[in-house]
Amino acid sequence: MTALTDDTLPVTPRAIRDEMIVFVVMALLLAAVPFSGIYPFFVMQALCFALLACAFNLLIGYGGLLSFGHAMFLGTAGYCSAHALKVWALPPELGILVGVAGAFVLSIITGYISIRRQGIYFSMITLALSQLLYFVYLQAPFTHGEDGIQGIPQGRMFGVFDLTKPTVLYYVVLVGFLAGFLLIYRIINSPFGEVLKSIRENEQRAISLGYRTDHYKFLAFVLSGTLAGFAGSLKVFVAQNASLTDVHWSMSGEVVLMTLVGGLGTIFGPVVGAFAIIAMQQYLAGFGQWVTVIQGSIFVICVLTFRRGVIGEIAHYLRRSL
Amino acid sequence: MQALYAQLLVGLINGSFYALLSLGLAVIFGMLNIINFAHGALYMMGAFVAYFLLSLGGINYWWALLIAPIVVGVFGMILERTMLQWLTGLDHLYGLLLTFGIALIVQGVFQNYFGSSGLPYAIPDQLKGGMNLGFMFLPIYRGWVVVFSLVVCIATWFLIEKTRLGANLRAATENPTLVRAFGINVPRMITLTYGLGVGLAALAGVLSAPINQVRPLMGADLIIVVFAVVVIGGMGSIMGSILTGFALGVIEGLTKYFYPEASNTVVFVLMVLVLLVKPTGLTGRAA
C-alpha cells in the first residue's frame with residue numbers, strides 16, 4: 001500500500017520558520033477582515049469549518065485514518081453547547097466547555113470501537129456510527145428533531161465580551177480558531193506526532209519498533225474528535241442554531257472534501273480548502289442540487305489528477321512543507 | 001401475530017436488498033480493492049431505468065429486470081475503464097473518495113430533475129394480489145422479491161465458487177500478476193466484475209421500485225446500512241455476505257415489531273456489539 005503523502009520532508013528549523021511566517025501572515029489577514037468590508041458572517045463560518053477540517057486532517061493526514069463520520073463531533077458539541085446556553089442559561093465560556101466535553105466523551109466511545117479495524121473498515125465504521133447518532137438525535141427530545149435548537153442566546157463571554165456584536169464575536173471566533181490551529185500544529189510537531197506519521201507510513205514497522213500503535217491512534221482520534229467538537233461549539237455562536245444537518249453524513253463528506261482540496265497532510269491545506277468550499281457554496285447557493293454535483297466532480301477531479309491538493313502542490317513545487 | 005409476520009416479511013425483503021448489495025460490494029472489493037460508495041447511487045439508477053422503461057417506452061417489469069442491470073452494468077464498466085482503473089496501487093482510501101464523488105454526482109443530477117419525492121412504479125399484473133397462508137396474508141409481489149433475490153444470490157455464489165470463470169476470478173483476487181502470466185486477461189475480468197457487482201445493485205433497485213417508490217436518494221441512506229452489514233459479516237466470503245444480509249434484515253424486522261424506536265439503529269448497534277466481541281467480523285479475516 002502506498003502512503004498517502006509521497007513526499008514527506010524532514011522537520012527542519014527552516015521549515016518551522018517558513019510555517020511560522022505563513023501562520024503570522026494568515027493571522028494578520030484574518031484579523032484585518034472586519035476592516036475590509038467582507039461579510040464577517042461568511043468568514044466566521046469558514047473559520048469554524050477550517051478548524052473542523054484541521055482536526056479531521058490530524059487524523060487522516062498524520063495518522064492515515066479516514067474518518068467518514070466527523071460530523072458527529074461537530075453536531076454533538078453543537079447540540080450540547082446549544083442546550084447548555086439555551087436551557088441551562090450558562091455563560092458562553094461554560095457553554096463551549098460543555099460542548100467540547102460532549103465531543104470528548106463521544107470520541108472516547110467511538111474511538112474505542114472504530115480503532116479496532118483498519119483502513120477501509122475504519123471509514124465504514126465511523127460512517128455507520130455517525131449515522132447511528134443521527135437517528136438518535138432525530139428521535140431524542142432535547143434536540144427538537146427536525147426543527148433543531150434555534151434562537152440560541154450568544155451572551156457575554158467572561159462577562160466582558162458582548163458576543164451579540166458581530167465584530168466582538170468575530171475576534172472571539174478568530175482567537176478560538178487560531179488557538180485550535182496552534183494546538184494542532186504543536187501536536188503534529190511533537191514526538192507523539194512523529195510516531196503518528198510513522199504509523200501512517202508503515203504501521204507494521206512502528207509495531208516492530210515497540211510502539212503500541214493502537215494507543216497512538218486512539219489518542220489521535222480523541223484529540224481530533226475533541227477539537228472538531230470545539231469547532232462545533234464555536235459554530236453555535238455564529239449560526240445561533242444547532243440542527244440535524246450538522247450530524248448528517250453529507251457534512252462528514254464536506255469536511256473530507258475541504259481537506260482533500262486543500263491537501264491531505266498539509267498544515268494550511270484544510271484552511272484553504274474550507275474557505276474555498278464555503279465560498280463556493282455561498283456563490284452557488286441559487287443553483288440548488290447542482291452544488292452537490294459540483295462537489296462530487298471536485299472529489300473526482302481531485303482524486304484522479306490533484307491528489308496533493310492546492311497547498312500540497314504548492315509545497316511540492318517549492319520543496320517546502322506547508 | 002399478523003403484525004409480527006408482516007414485519008418479518010418486510011425484514012426479509014430488506015434483507016434481500018442488503019444481501020444483493022453487500023454481495024456486490026464484496027465481489028468488487030475482492031477484485032478492485034475498492035469499497036464502492038457509488039453502490040447506493042447505482043441501485044437508485046437501476047430503479048430509475050425501470051421507471052423510464054415503463055413510463056417512456058412502455059417496456060414492462062420483466063424486461064426491466066433484464067435491461068436495467070445491463071444498462072447500469074455497462075455504465076459501471078465505463079466508470080471503471082475511465083476512472084477507477086487509474087487508482088490501482090494507490091491507498092484504498094482514494095477509491096472510497098472517488099466513488100463517493102461519483103455517488104454525489106449521480107444523486108445530484110437525479111435530484112435536479114426529479115426532486116426528492118418518490119415516483120410511483122406499479123406492481124406488474126402477474127404479481128398483484130396476495131395469498132392467504134392461514135397464519136398470514138402474503139402479498140405475492142413481496143414473496144416474489146424474497147424468492148427471486150435468494151435465487152440470484154445463490155446463482156452468484158455458484159458462479160464464483162463453482163465455475164471455471166469463478167475460479168479464475170478468485171485466483172486473480174489472490175495474485176493478479178501470476179494469473180496474467182497464465183494468459184488470462186485480468187484487466188478485462190476486473191471490468192466485468194465491476195459490471196457484475198453494480199448490475200446486482202441495479203437488480204435490487206428494480207426489485208425495490210414497486211415497494212419503496214423511485215427516489216433519487218433511495219440508495220443514499222441504504223448504502224450506509226449496507227456498510228454496517230459488511231463490517232458485521234466481513235467481505236471474506238460470498239455466502240457470509242448473503243447470510244448476514246438476510247439475517248440482519250430479519251433482525252431489523254423483528255425490532256420494528258418489538259421496539260419500533262430502534263428499528264433505524266439496530267443494525268448499527270449490532271455492528272458495535274460485533275466489533276466489541278469479535279473485531280474481525282463474523283466471517284471475515286483480519287483486514
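## Helices H2 and H3 of chain B

In this predicted model, start with the place where helix H2 (residues 39–57) of chain B packs on H3(B). From H2(B) come B:Leu42, B:Met45, B:Gly46, B:Val49, B:Ala50, B:Leu53 and B:Leu54, and they meet B:Trp63, B:Ala64, B:Ile67, B:Ala68, B:Pro69, B:Val71, B:Val72 and B:Gly76 in H3(B). Two residues are in contact here if their C-beta atoms, placed from the backbone, lie within 7 Å. The contact of H2(B) with H3(B) splits into 13 nonpolar, 2 polar and no charged residues. (Nonpolar covers Ala, Val, Leu, Ile, Met, Phe, Trp, Tyr, Cys and Pro; charged covers Asp, Glu, Lys and Arg; the others, Gly among them, are polar.)

As for geometry, the axes of H2(B) and H3(B) are 9 Å apart and the packing angle is about 130 degrees. Axes are lines fitted to C-alpha atoms, for helices over the stretch in contact, and angles run from 0 to 180 degrees between N-to-C directions. H2(B) and H3(B) are therefore oblique to each other; angles under 35 degrees count as roughly parallel, over 145 as roughly antiparallel, 65 to 115 as roughly perpendicular and the rest as oblique. The crossing is right-handed, a label used if the near helix is turned clockwise from the far one by less than a right angle, with anticlockwise giving left-handed.

## H3 again, now with H8

H3(B) also packs with helix H8 (residues 186–212) of chain B: their axes come within 7 Å and cross at roughly 140 degrees. That angle makes H3(B) and H8(B) oblique to each other too, and the crossing is right-handed.

Among the H3(B) residues taking part are B:Ala64, B:Ala68, B:Val72, B:Glu80 and B:Arg81, while the H8(B) side includes B:Tyr194, B:Gly199, B:Ala202 and B:Val206. The residues of this contact divide into 13 nonpolar, 6 polar and 2 charged.

## The two chains overall

Chain B holds 11 helices and 2 strands, in the order α-α-α-α-β-β-α-α-α-α-α-α-α along the sequence. Helices (H or I, at least four residues) and strands (E, at least two) are DSSP runs, numbered from the N terminus. The C-alpha trace of chain B spans about 60 × 50 × 35 Å along its principal axes. For 287 residues, a compact globule would have a radius of gyration near 19 Å, and chain B agrees with its 19 Å. (The radius is taken over C-alpha atoms, and the globule rule is 2.2 Å times the number of residues to the power 0.38.)

Chain A has 13 helices and 4 strands, and its C-alpha atoms fill a box of roughly 50 × 45 × 40 Å along the principal axes. With 322 residues, the rule gives a radius of gyration near 20 Å, and the 19 Å of chain A agrees.

## Where the chains touch

The contact takes 38 residues from chain A and 38 residues from chain B. On the chain A side, helix H5 (119–139), helix H10 (249–262) and helix H12 (290–305) each supply at least two residues. H5(A) gives the most, with 14 residues. The chain A side divides into 23 nonpolar, 13 polar and 2 charged residues.

## How confident is the model?

The model scores ipTM 0.91 and pTM 0.92. Per residue, confidence is given by pLDDT, from 0 to 100. Chain A has a mean pLDDT of 90, with 97% of its residues at 70 or more.

Chain B averages 91, with 98% of the residues scoring at least 70. In chain B, confidence is lowest in strand E1 (residues 130–132), at a mean of 83, and highest in helix H3 (residues 61–82), at 96.

Residues are numbered from 1 along each chain as its sequence is written, and chains are lettered from A and ligands numbered from 1 in the order in which they are written. As this is a predicted model, local features need pLDDT of at least 70 and side-chain atom pairs count only at pLDDT 80 or more, while totals for chains, interfaces and linings use all residues.

Key:
pLDDT is the predictor's confidence in each residue, from 0 to 100.
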